[in-house]
Amino acid sequence: MIKEDLVKIGLEVHCQLTKLKSKLFCSCSADYRGKEPNTNICPVCFGIPGALPVLNEKALKYALMVALALNAKVSERTLFYRKNYFYPDMPKNFQISQYDKAGGIPLAVGGRLIINGNKIINIRRIHLEEDTGKLSYEGTIESSNVTYIDYNRAGIALMEIVTEPDMNSPKEARLFLQKLSSILEHLGVCDPSLEGAVRCDANISFGGGKRVEIKNISSFKEVERALRFEITRQRSLVSKGIDVKSETRHWDDVRRVTFSLRLKEEEGDYRYFPEPDLVPIEISNEMIQQVLSEMPELPEARKKRFINQYDLSSQTAEVLTSRKILADLFEESVRFYPNPREISNWLASDLLAYLSDTNKEIESLNITPKHFAELAHLIDNGLINRNIAKSIFIEMVTTGKMPSEIVEERGLKKISDQHYISEIVDKVFKENEKAVKDALVNEKAVNYLMGCVMKNSSGRIDPNIVLQIIKQRLNQIKEGD
Ligand SMILES: [Zn+2]
C-alpha cells in the first residue's frame, strides 16, 4: 500500500521570459504565438555557419531577478554549453543550454520557496536556455506517421528551475507552481496565463522506490492531474505485485493519461561542450545590487502589506496575491471606492468561483476596477441587497456591463417607498395576529414579521425601512391599548 506521505515529487519548471522583445540569442521576435509556422526564424536560429549568437542582456537580468526572488545563490561566473542531439526540435541540431550535470556551473544554485505557510521547497538549480521548436502530430503521438515542425518558438528565452524532491503530494506541486507563477508575474518577466509560458516535467517516487519522470505537462493546472494519475497507476501496479519501472513517461493532456515513450537520446549522448561562440558570463556584485534595487514588490511582501494596510485576513490576502492581475484589480478598485473588506470578498470568493466554474481566465473578462468599486458602492448605499448583488455580479462579469447599468435595465433598485411598504406591513399584521401579539412582548418575534414582509415583496424592499415601519406599528398598537 502506498501512503501519500511517502510520495516524493520534484519539479523541473520551464518558464519562458515572455516579457522580452526578442529571442535569447538573436533579434527574432519573442512574440511567436499565432504566427504563420516557420516565419519567426533567422540564420542564428538555424545555426548557419558564420551566424553568431549574442546573449540578450535583458534575459540575463530577468533570470537574475528570478534567482534572487527565490533566494538562490548566483554564480560569479557561468557559461553556456551546446547540448547536441539528433531530434528535430532544434533546427541546428543542438540547443544552447547550461550543463546540468556535476561540473556544470548554472546561473544560480540553492534557493527556496515556502508554500502552505511553512513548507519549504528547496531549489536545486536555476539556468537559462533556449526553448525548442514545436512538434505536432497527426492523430496521437504514438500512432502518427507524420510530424509537423514549427521553429517559431525555437530560441525563445527559457528559464529552467529545478526543485529538490521536497513535495509530498500532487496538491503541493500545484501550490508550488502557483506561487512561482505569481512571483514571475509580479517580477514582470513572464505572463503565466499565456499558453505554454510555464511548463514542467515532474519526477515522482514512493518510499525510496523507483523514480518515474513525467514529461510534457503543458500547464500548471495539469500538474496535479498528471501526478494523481501517476500515483493511481503505480498504486495499482504495486497492489498486483508488479514492480514500478524507472522510466520516462509522457503526459497526454487530451486523454489525461501518462504513457511510456522514449523520446530523446540518453544523456551521455548529448556530448555537452562549452558553446564556442559565446563568452562566459561574469556576474559582479554591483550587477546583483543593481538588480536588487530594481526589484518590484513580491507576492509575499504584498500579502503582508494587504493584511496591515487593508485589514484583510491572511487567507484572503494570500488568495488575492496569488495572481498579480487579481491583486492589482483589488488595489485599484479600493482606490476608487475605499471598502477593502467588501471588494476583497467579491474578488477572492465570487470572482474566483466564477472563473473556476466557467473555466475562464481573468484576462478574458471585460472587467475593470470601476466595476467592483461600483458594486460595493451600490451595496453600501443600500440600493441593492446581497442576493441581487450576486445576480448583478454574474451579469457584470459575463457581459462587462457596469453594475449601475444592470440595475437600471432590470429595475432592480431596492424599493424604499414607505407607502408601498406600509401596505405590505398592514397585510402581514392582519394575517399573523398571533405573531403580532408575541412581537409586542418579545423582540425576537419581530424578526418573524420582518421575514413575512420580505417574502411578500420578493425581497426587493429595504429591510431597514421595513423594520422601522414594523416598530412604528407595534408602538401604535401598544399606545392604543
Ligand atoms: Zn532568430
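Predicted model: local features only at pLDDT ≥ 70, side-chain atom pairs only at ≥ 80, totals over all residues.

Q: Where does E160 lie?
A: In strand β11, which covers residues 157–163.

Q: And what does the side chain of E160 make polar contacts with?
A: One partner is the side chain of H14, at 2.8 Å. Another is the side chain of R125, at 2.5 Å.

Q: What else is E160 in contact with, leaving aside neighbours within four places in sequence?
A: Besides H14 and R125, the list has E12, V13, I126, H127 and E129.

Q: OK, on to the largest nonpolar core. Which residues touch the most other members there?
A: L11, V13 and F176, in a core of 74 residues. Helix α2, residues 57–69, gives the most to this core, with ten residues.

Q: What is F176 in contact with, again leaving out neighbours within four places?
A: L11 and V13 are both on the list, along with L113, I115, I121, I123, T163 and M167. Apart from that core lies another one of 36 residues, with L320, A327, I379 and I406 among them.

Q: Switching topic: what does the domain assignment give?
A: Domain 1 is 4–290, domain 2 is 297–410 and domain 3 is 418–480.

Q: How many residues of domain 1 are in contact with domain 2?
A: Eleven, and they meet 13 residues of domain 2. The area buried between domain 1 and domain 2 is about 1000 Å², with carbon and sulfur atoms giving 50% of that. In domain 1, E185, H186 and S193 lose the most area to domain 2, together 55% of what that side buries.

Q: How many salt bridges are there between domain 1 and domain 2?
A: The count is three. Helix α3, residues 170–187, gives the most to the side of domain 1 that touches domain 2, with seven residues. As for E185, its side chain meets that of R323 in a salt bridge, 3.0 Å from N to O.

Q: What about salt bridges overall, how many does the rule count?
A: The count comes to 40. One of the pairs is E294 with K61, where the closest N and O atoms are 2.6 Å apart. E294 lies in the loop between α5 and α6 and K61 in helix α2, so this pair ties together parts that are 233 residues apart in sequence.

Q: Are E294 and K61 buried or partly exposed?
A: E294 is partly exposed, with a relative accessible area of 35%. K61 is partly exposed too, at 28%.

Q: What does D350 form a salt bridge with?
A: With K390, the closest N and O atoms being 3.2 Å apart. D350 sits in helix α9 and K390 in helix α11, so the pair ties together parts that are 40 residues apart in sequence. D350 is buried at 17% relative accessible area, whereas K390 counts as partly exposed at 43%.

Q: Last one: which residues are linked in a network of salt bridges?
A: E297, R302, R305, K324, D328 and E331.

Definitions and conventions. Residues numbered from 1 in each chain as written. Heavy atoms only, no water. Core = buried A, V, L, I, M, F, W, Y, C linked by side-chain atoms within 4.5 Å. Buried < 20%, exposed > 50% of the residue type's maximum accessible area, 1.4 Å probe, protein only. Helix = DSSP H or I, 4+ residues; strand = E, 2+ residues; numbered from the N terminus. Contact = heavy atoms within 4.5 Å. Domains from an automatic or database assignment. Buried area = accessible area lost by both parts, 1.4 Å probe. Salt bridge = Lys/Arg side-chain N within 4 Å of Asp/Glu carboxyl O. Polar contact = N/O pair within 3.5 Å; in protein donor to acceptor, adjacent residues only side chain to side chain.
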